[in-house]
Amino acid sequence: MDILTLFVVIPVLTITGILFVKDIKQVRIVAAIGMGIQLILAAVLVFMYLSARKAGVNDEMLFIKDYLWFKSLNIHYAIGVDGISVAMIALTSIVVFAGIFASWEVEFLTKEFFISLILLATGVFGFFISIDLFTMFLFYELAVIPMYLLIGIWGSGPKEYSAMKLTLMLMGGSALILLGLLGIYFNSAPDGGQFTFNILEISKITIPVSAQRLFFPLTFIGFGILGALFPFHTWSPDGHASAPTAVSMLHAGVLMKLGGYGAFRVAIFLMPEAASELNWIFIILTSISVVYGAFGAIVQKDLKYINAYSSVSHCGLVLFAVLMMNQTALNGAVIQMISHGLMTALFFALIGMIYGRTHTRIINEMGGLMKIIPFLSVAYVIAGLASLGLPGLSGFVAEMTIFVGAFQHTDTFHRVVTIVAVSSIVITAVYILRVVAILLLGPVKDEHHAHLTDAKWYEKVSVITLIGSVAGIGLAPFWLSTMIGKSLQPIVNKILAAGLF
Amino acid sequence: MSSSNFLIMRHELLLTAVALIILIAEIFSDPKKKHSIISFTLILFGVITAAGFLPSPEGSMFGGMYNSTAGKLLMKNILNVGVLIILIQSADWLRKDENADKIHEYFILLISTVIGMNFMISSGHFLMFYIGLELATIPIAALAAYDRYKNQSAEAGIKLIMISAFSSGILLYGLSMIYGTTGTLYFNEVADLFQNNNLQVLGFIFFFTGMAFKLSIVPFHLWTADVYEGAPINVTSYLSVISKGAAAFIFIIILFTVFPVITETWQKAIYVTAILTMTIGNLFAIRQQNLKRFLAFSSISQAGYLLLGFIGGNQLGMASVIYYILVYIFSNLGAFGVVLVISNATNKENINDYNGLYQTNPGLSLIMTLALFSLAGIPPVAGFFGKFFLFAAAAEKGFYILVLIAVLNTIISLYYYLLIVKAMFLTRSETPIEKVNSGFYTKLGLGLCVAGIFVIGFASILFEIIRNISYGI
């Protein structure tokens, strides 16, 4: 068996293992071991990838495996990775691993919880390794549907409403993607010959521009819904606020990245001509996402809502960068995906831990937590600083690269939207520092909070894993940049070949 | 008739033999051991289902009125498998005391309809087709009225017989126009002589309407919900998968082979009815409380999706229709199977009654969820593949707007399927349905459905086989 398929097989085996064990402790241990192996495997993959590149392998995708599935439709189970997917896989395994430990205290239907959570992860891993659009779409839907049960059963607040809203909106997105994929498929052989779902093969031809005009918006909006594109972002605040901790982590941290990843791997990469024609519409929408999300976060009182709106803003920035369609901005987009994935997972994990102790998420009801639970508070400050883009942490590298890339366009339109988008940095600082001030500093507002205990060992595992990764990217972004940069080359070449910029 | 002719008609002859054997067995059976006939029939039917898969010669009989091809054989086999599952699922229900005196009738009537469907699928002449259609419909009306002391069941029977008489009338009227203008009722001759003049098109429209009644396509769907609600559950599931499947099979054969001349005309008709059927079926399903009515409207919308395979007139379309029926048999029977088990044990059929079902019956809840996800088209279960191919078939011919409407409709359908999932998993109940103990046959029936739901999608070989026997215009 090849290494990439293992990324789907191990979660499935873990689920099977969970099915057969009896009590809660064993369930946790099996889940942790399974996802631990997955994390190690991801590290192995990173090293294998880097050493293959070092050895001078210049293929676009590595570790390609191709199995014919539906012969008459030329559907394959085709997998392969480039630097971007490797980075995303690494991100996913870190967040899932941290998520398992963050949900250590789930007591209600524990077995079902971990099964759904890992099923979701299976879909995400499968999505990132696929290079066949059909397989990719299959995994995409597989990742979305467990959310309904995860939020609906283990969530809080108006969970049934949020779960339904989230599921229907995301499936609506996937409906548009399905249509887009069919459109790409039936235009994938303009000179005759066999239609194909294989991304690499489609990228070699040019889809007729008239078809691109039709299917680029569908595909982009479809993936954009998952990436919280304004005005289709409304599922995100409700969904994230109602979801249990690990699900918020996984969803904001990883699942929303499926949107960004799909938007450039499918929409931009395969249909660059239409993308350059129509991207102004989406650039406007994404800059609204960026600023609106940040403003939204300022006025929220609930910690999870603040973070959910902040995710809208940051994921909007990913799509914004993708639409800039040049090497630097795309590079920034990928780093932003990784950085935001880790940082927001850290945020949601901490919020879950704080909520588990104080039983409230309203910021005004808390205060002075720094003195009571210093470990969690310091971690929260670090997450906040990463979010507002402090140098030395991952957020800075990502945002810097994106804005530099965006500024490479010299026309007025791009300048204006870039300046608008840059303003989000300031607004981000406002809402982050406001929360830190109210929540962590000042006097203790509620006397019941005075005797809270600090993080337990499994919580520390979760938090330290994430902080380590955030700081790692911030201090040494170069290996990540090189890994991504090389892989972006074919995409940039394709855009350049379309003769656009 | 030589022996090879027997082989050509093997399916029909075997089924007739089974029906007769059951009839005779009733005369000789011990009145105290009526139940033994159930296992006997199941084994017998299992054997002939298996026998159906043996290789068989292709050929034509009765001067072309009866044709047998590999494709038609496959369709009959698919129906046989579905009927077998329904028979297995009904075993525990037939053992109830109130059904003790009419077990044989259930089997005989059901099997005669299957004979009718087989003749219908194999027909090469409109009269043969019509006879098959009637044989496939009238016994069903008797079955719908099986619980004859229940008002609703009797009403369902009457409604079904009236509506089939009515639709048959319309269909025959259309056929008479086709006969009047072409002078023949043989499929191949009609296809040659059809010229697209107004009277012929009118004749076709009447024929289309007649078939639309059988397939419960909007606006000819109004009988569906009432009949589905009144009839016993296994009869309902039979109506929704087997009757519908058989009608879809012959409809697509006739459209592709008899009426290719007026493709543009029927494409328009299907375009409009497909949109109406999907949308109205879905919107009405949202409001339903009774699970049988709910599944009735869901099956109406499923028929709408099915029409997407018809519209292109392409090989992929026919393949996807046959494949989808196969998927649909397993998915819908899974859902109906759970409803049947719970209704048998508790007489509860409302969605509210399912609140908190997962607390007490996790197995049944999971099967129901799988079946509903398959109906909604969620991976990795078979429904996803079925829907994908249907949409691909329509997209291949450029019907992108229709596909867009269809995919948006799948979101609506997902909403109401999730309502049941919500009732079972999310809603807590003080008084959930108690733990249901199901017998061997029920478990077997549900197990087959679950296996089918999982296997059919991934086993691409099934789709390739179906695709090889399909054809376009």
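This is a predicted model: local features need pLDDT of at least 70, side-chain atom pairs count only at pLDDT 80 or more; totals for chains, interfaces and linings use all residues.
Which residues of α16(A) are buried? They are A:L376, A:S377, A:A379, A:Y380, A:I382, A:A383, A:G384, A:L385, A:A386 and A:S387.

## Helix α16 of chain A

Helix α16(A) runs over residues 374–387. It has 14 residues and reaches 20 Å from its first C-alpha to its last. That is close to the 20 Å expected at 1.5 Å a residue. Helix α16(A) is mostly covered, with 10 of its 14 residues buried.

Several helices of chain A contribute to the cover over the buried residues. They include α13 (303–324), α14 (327–358) and α15 (369–372). Also among them are α17 (394–407), α18 (412–440) and α19 (457–475). After α16(A) comes A:G389, with a positive phi near 85°.

## A hairpin in chain A

Strands β1 (residues 62–70) and β2 (residues 75–81) of chain A pair in the antiparallel sense. The pairing extends over 6 bridges. Within it, A:D66 stands opposite A:A78 of β2(A).

The hairpin has 4 residues between the strands. There, A:N74 takes a positive phi near 60°.

Across the boundary, 40 residues of domain 1 of chain B are in contact with 48 residues of domain 2 of chain B.

Which elements give two or more residues to the domain 1 side of this contact in chain B? They are α4 (70–94), α9 (198–215), α10 (222–230) and α11 (233–257) of chain B. Helix α4(B) gives the most, with 13 residues. By class, the domain 1 side of chain B has 25 nonpolar, 12 polar and 3 charged residues.

## Where chain B touches chain A

Between the chains, 25 residues of chain B are in contact with 25 residues of chain A. On the side of chain B, the elements giving two or more residues are α17 (382–396), α18 (400–426) and α20 (460–469). Helix α18(B) supplies the largest share, 13 residues.

Definitions and conventions:
Residues are numbered from 1 along each chain as its sequence is written. Chains are lettered from A and ligands numbered from 1 in the order in which they are written. Two residues are in contact if their C-beta atoms, placed from the backbone, lie within 7 Å. Ala, Val, Leu, Ile, Met, Phe, Trp, Tyr, Cys and Pro count as nonpolar, Asp, Glu, Lys and Arg as charged, and the others, Gly among them, as polar. Two strands pair if DSSP finds at least two bridges between them. The expected span of a helix is 1.5 Å times one less than its number of residues. A residue is buried if 20 or more other C-beta atoms lie within 10 Å of its own, exposed if 12 or fewer, and partly exposed in between; C-beta atoms are placed from the backbone.
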